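Here are a few exercises to work through with the structure in view. Try each task yourself before you read the solution.

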Amino acid sequence: MLGSMMQQPLLISSLLTHAERHHGDVQVVSRRVEGDVHRQTYRELAARSRRMANALAARGVAAGDRVATLAWNGYRHMELYYAVSGSGAVLHTINPRLHPEQVAWIADHAEDRILFFDLTFLPLVEAVAARTKSIRAYVAMTDRAHMPETSKVPDLLCYEDLIAGASERYTWPVFDENAPSSLCYTSGTTGNPKGVLYSHRSTILHTYAAALPDALNCSARDTILPVVPMFHVNAWGLPYAACMVGAKLVFPGPHLDGKSLYELFESEGVTVSAGVPTVWQGLLAHVEAHGLKFSTMHRTIIGGSACPPAMMRDFQQRHGVQVLHAWGMTEMSPLGTVCALRSRHAALPEEQRMAVQLKQGRAVYGVDMKIVDAEGAELPQDGKAAGELLVRGPWIVSRYFNSEDDPLVYADGVGWFPTGDVSTIDADGYMQITDRSKDVIKSGGEWIGSIDLENIAMSHPAVATAACIGVKHPKWDERPLLVVVRKPGAEVTREQLLAFYEGKVARWWTPDDVVFVDAIPLGATGKMQKTRLREQFANHELPGAGAVRPHA
Ligand code: ADP
């Protein structure tokens, strides 16, 4: 016997249809590449998306074809989210911070047919056009008046011409909810980029879960500004969740410096934002330097790498902006855990509450997770045992795009995705990442968590950023080296920083040395590139490396 409810596939187009019908007057505001601010409603967005769907069909884009973008967060990108996926094609959002060689490699691997790009990226597109074999047409995301002069991009089309030349009448096709909707490559911080092909079903289920109160908590009362790029795992699902709940959306375009972001937050009444820790540094520095206050923003989602305690303290205690710490991966659409508090945490003193908030949080329903030891045996949820974090669920990758390899590990016949993260899980289900397995520092056979050491350094008033890496040691295999960027004008010595660890960690965790640098290399998604630091300091000689250090 089967249930007798309607069979209706979960399709991305239904989010737009819902938004148009039930909150059609809500605004989508975008700061454009040119610097001006553009406004439209969900009703207008839906109409233009239908026009674009017609334009794509007229260009021969068929179900399953890959359509690439190199674009900032903006309304045209949002239109493509719906026009491409809604019509049955696959939206491939490429990270424009990658090198042209890598972009061309990814585009060819994905077999992209057509590439849409913001004008900022013309030089990149020219370089890619000379290298790619698969892309046949290019669309500049602008109007006729701003079309660029170039001889290096073949078959160059104009976005607004395509829209103007197509009918607004279009019926979103109905197809299998397991059909592919979008494609995102991991940034390659852990090897060659790998494609993750999301489906309509996985996206809709992820959207339901992301919008929940203890997840990203999106509602019709919110004005959401995703700083996290639409090419970084679909801006963590916010362009979908906003349509589902009827939140106003504000897109910052390329203007991501502290001043521009602050002005947009204030002028548009932004209530919630989201981004990786590095983007907030510029914003907080601007706000501090000018003695500004956030008048409408009351929470921000921080993920992608660990939120440093100093940043959480600044947001919450100085600015009254609640931090929601979240963890996920490209392979997980991306949401895995969000750190929402339970009611009994409300009575805790501020610092104890923050200790909970600094964990990466509890699994959202739909994500099953566990930690295992090197042999694959499950470890206890006691907040102490650390092991590799495995996950499974309907919006978690089962295999990479165009790859035969099976990435899963199996236990009792059930497949789990190995995240490559090392974590603890406490009795309340709060997960805390101690490291990426490849960033773990292994000293005398035991793990030292680099995130802890970085967080301590970053709580020093003179430190802007810090990264901790393992360097070779004759006796202990590896010992921690702290790489530090000082705040402008601030002074701190190696000895003072090492002394700063006293009483905060076990003595053998204290870094062996400190080096000061002007900047730490950031990867394409704004995360510290520890691989590059490891290369740079591969031959770093630790002081007293021959001596025996207490290892207990
Ligand atoms: P990439 O590897 O391309 O940077 P992802 O954005 O998919 O791609 O990165 C996922 C990884 O980022 C996770 O496996 C984890 O190591 C790290 N990460 C994400 N969120 C957090 C967080 N809140 N705290 C610590 N690490 C995080």
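**Exercise 1.** Find out at what angle the axes of helix α3 and helix α8 cross, and which residues make the contact.

*Solution.* Start with the elements: α3 covers residues 75-86 and α8 covers residues 238-245. Helices here are DSSP runs of H or I with at least four residues, strands are runs of E with at least two, and both are numbered from the N terminus. Next, the axes come within 11 Å and cross at roughly 80°. (Axes are lines fitted to C-alpha atoms, for helices over the stretch in contact, and angles run from 0 to 180 degrees between N-to-C directions.) So α3 is roughly perpendicular to α8, a label for angles of 65 to 115 degrees; under 35 is roughly parallel, over 145 roughly antiparallel and the rest oblique. Now for the contact, meaning heavy atoms within 4.5 Å: α3 brings Met78, Tyr81 and Tyr82, while α8 brings Pro239, Tyr240 and Cys243. Sort them and you get six nonpolar, no polar and no charged. (Nonpolar means Ala, Val, Leu, Ile, Met, Phe, Trp, Tyr, Cys and Pro; charged means Asp, Glu, Lys and Arg; the others, Gly among them, are polar.)

One note before you go on: this is a predicted model, where local features need pLDDT of at least 70, side-chain atom pairs count only at pLDDT 80 or more, and totals for chains, interfaces and linings use all residues. Residues are numbered from 1 along each chain as its sequence is written, and side-chain values use heavy atoms, with hydrogens and water left out.

**Exercise 2.** Work out the strand order of the open sheet of seven strands, and name its edge strands.

*Solution.* Go strand by strand: the order is β7-β6-β5-β3-β4-β8-β9, with mixed pairing. (Two strands pair if DSSP finds at least two bridges between them.) At the edges sit β7 (156-158) and β9 (195-199), each pairing on one side only. From one strand to the next, the twist averages 25°. Zoom in on β4 (90-93) and β8 (180-185): they pair in the parallel sense over two bridges, and Leu91 has Ser182 in β8 as its bridge partner. Finally, helix α7 (200-211) lies across β8 and β9, at about 75° to β9.
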